[in-house]
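Let's take a walk through a protein together, going from the whole chain down to single side chains. Keep the picture in view as you read.

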Amino acid sequence: MSKTDYYELLEVTRTCNDGELKSAYRKLAMKWHPDKNPGNAEAEIRFKEISEAYDCLKDPQKRAAYDRFGHAAFENGGGGGPGFGADFASTFSDIFDDLFGMAGGRRGGGGGQRGGRERGADLRYNMEITLEEAFSGKNATVRLPTSIVCETCSGSGAKPGTQPTTCRTCGGAGRVRQAQGFFTLERTCPSCQGRGQVIEDPCPSCAGAGRTTKERTLEVAIPAGVEDGTRIRLANEGEAGMRGGPPGDLYIFLSLAPHEFFQRDGADLFCRAPISMVTAALGGTFEVPTIEGDTHKVKVPEGTQSGKRFRLGGRGMPVLRSRTRGDMYVQVVVETPQNLTRRQRELLTEFERECSGETHPESSGFFAKVKDFFAGDAD
């Protein structure tokens with residue numbers, strides 16, 4: 001009976017990337033996990049099939065061999081062309097593993113190891129915080145579903161009271177030799193997938209994986225001064241390894257929520273403050289909020305123009321892992337009066353009559369240039 005295509009089992013396309021592959025596997029694993037389907041033999045079989053498919057496709061070399069030869073890539077005597085066994089692609093990578101000392105598993109996690117131990121996958125958690133929380137730092141609580149060591153079998157994958165047995169094909173070495181013409185090539189054992197052991201009576205709780213899925217609660221310390229996109233690594237807080245393997249890591253990716261008053265550029269803060277036309281003309285003061293939660297008085301000199309920027313030294317964000325702080329910049333916007341009363345209109349009209357080029361030098365200079373421009377065209 002032919003085996004189902006691995007891509008069809010995981011419900012992904014043949015061009016899917018590693019992230020899509022992992023996401024599809026986790027979704028199906030949770031759906032068909034024996035814990036969620038007690039007494040369902042079909043679910044247990046389906047869970048083993050999708051686990052086998054993912055173990056193959058997550059490895060770049062195995063996936064390349066599978067894409068070329070299909071299931072025959074991992075069967076003795078499979079077709080790979082004259083002079084090349086079905087496991088040639090896998091065998092060739094195994095040779096390089098031995099040469100460079102990587103036979104115990106791929107660097108970075110996920111590779112198989114002797115005895116069935118496999119490093120758990122790394123996890124990512126996205127967290128949004130406020131600008132105030134980024135300013136002062138905080139202790140956050142994270143809740144996420146992840147794989148943990150199976151309590152029933154303590155991570156061995158074998159049913160309580162039993163133990164994994166030595167693989168009969170490789171004698172526990174995890175590798176077998178195969179003659180190819182004048183050469184003898186060593187490759188990963190197809191029976192135990194390089195683990196050296198076979199679980200004949202798998203644990204009913206984890207179906208031999210050595211781990212189960214459970215929601216965990218973690219405390220994360222967010223330091224003061226973090227920026228948008230900051231990544232925090234929690235070592236060994238990722239998924240539990242297969243069959244007692246080491247756990248992966250958890251990465252917290254931070255994003256900052258938009259703020260009502262402030263915009264951030266590195267350690268500096270920027271805000272806009274409207275002031276009245278009278279304050280801008282005669283000078284005065286106004287108060288602005290600060291990131292600490294209090295207010296700061298800003299002095300406006302006489303004749304301040306719209307767009308003028310005032311610097312408040314040391315009132316910005318703290319620099320991460322430093323005692324220094326950035327600055328705060330306040331840009332004033334002169335507000336034009338609206339909804340004037342009759343008396344207010346009379347006063348402004350009277351004021352306009354008294355105005356001259358000295359009171360409005362910028363506008364007077366601009367319109368003088370415009371007049372000269374058109375006068376030149378007339379000549």
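Of the 379 residues in this protein chain, 36% count as buried. Keep in mind that you are looking at a predicted model. The chain exposes about 22800 Å², and carbon and sulfur atoms supply 50% of that area. Its secondary structure consists of nine helices and 15 strands. Now think about contacts between residues with a separation of 6 or more: 62% of them join residues 24 or more positions apart.

Next, look inside. The largest nonpolar core has 36 residues, and Ile-222, Ile-252 and Phe-286 touch the most other members. Pick out Ile-252: leaving aside residues up to four places away in sequence, Ile-252 touches Tyr-125, Met-127, Val-142, Val-220, Thr-230, Arg-231, Ile-232 and Leu-234. Apart from this core lies another one, of 21 residues, which include Leu-10, Tyr-25, Trp-32 and Ala-43.

What does S11 pair with? Strand S10 (residues 263-265) pairs with S11 in the antiparallel sense over three bridges, and Gln-263 has Phe-270 as its bridge partner. S10 and S11 form a hairpin with two residues between them, and Gly-266 in the turn has a positive phi of about 65 degrees. S11 also pairs with strand S15 (residues 328-335), here in the parallel sense over eight bridges. There, Ile-275 stands opposite Val-334.

Terms used
Residues are numbered from 1 along each chain as its sequence is written. This is a predicted model: local features need pLDDT of at least 70, side-chain atom pairs count only at pLDDT 80 or more; totals for chains, interfaces and linings use all residues. Side-chain values use heavy atoms; hydrogens and water are left out. A nonpolar core is a set of buried Ala, Val, Leu, Ile, Met, Phe, Trp, Tyr and Cys residues joined through side-chain atoms within 4.5 Å. Buried means under 20% relative accessible area, exposed over 50%, partly exposed in between (1.4 Å probe, protein chains only). Contact means heavy atoms within 4.5 Å. Two strands pair if DSSP finds at least two bridges between them. Helices (H or I, at least four residues) and strands (E, at least two) are DSSP runs, numbered from the N terminus. Accessible areas come from the Shrake-Rupley method with a 1.4 Å probe; for residues, only the protein chains shown count as cover.
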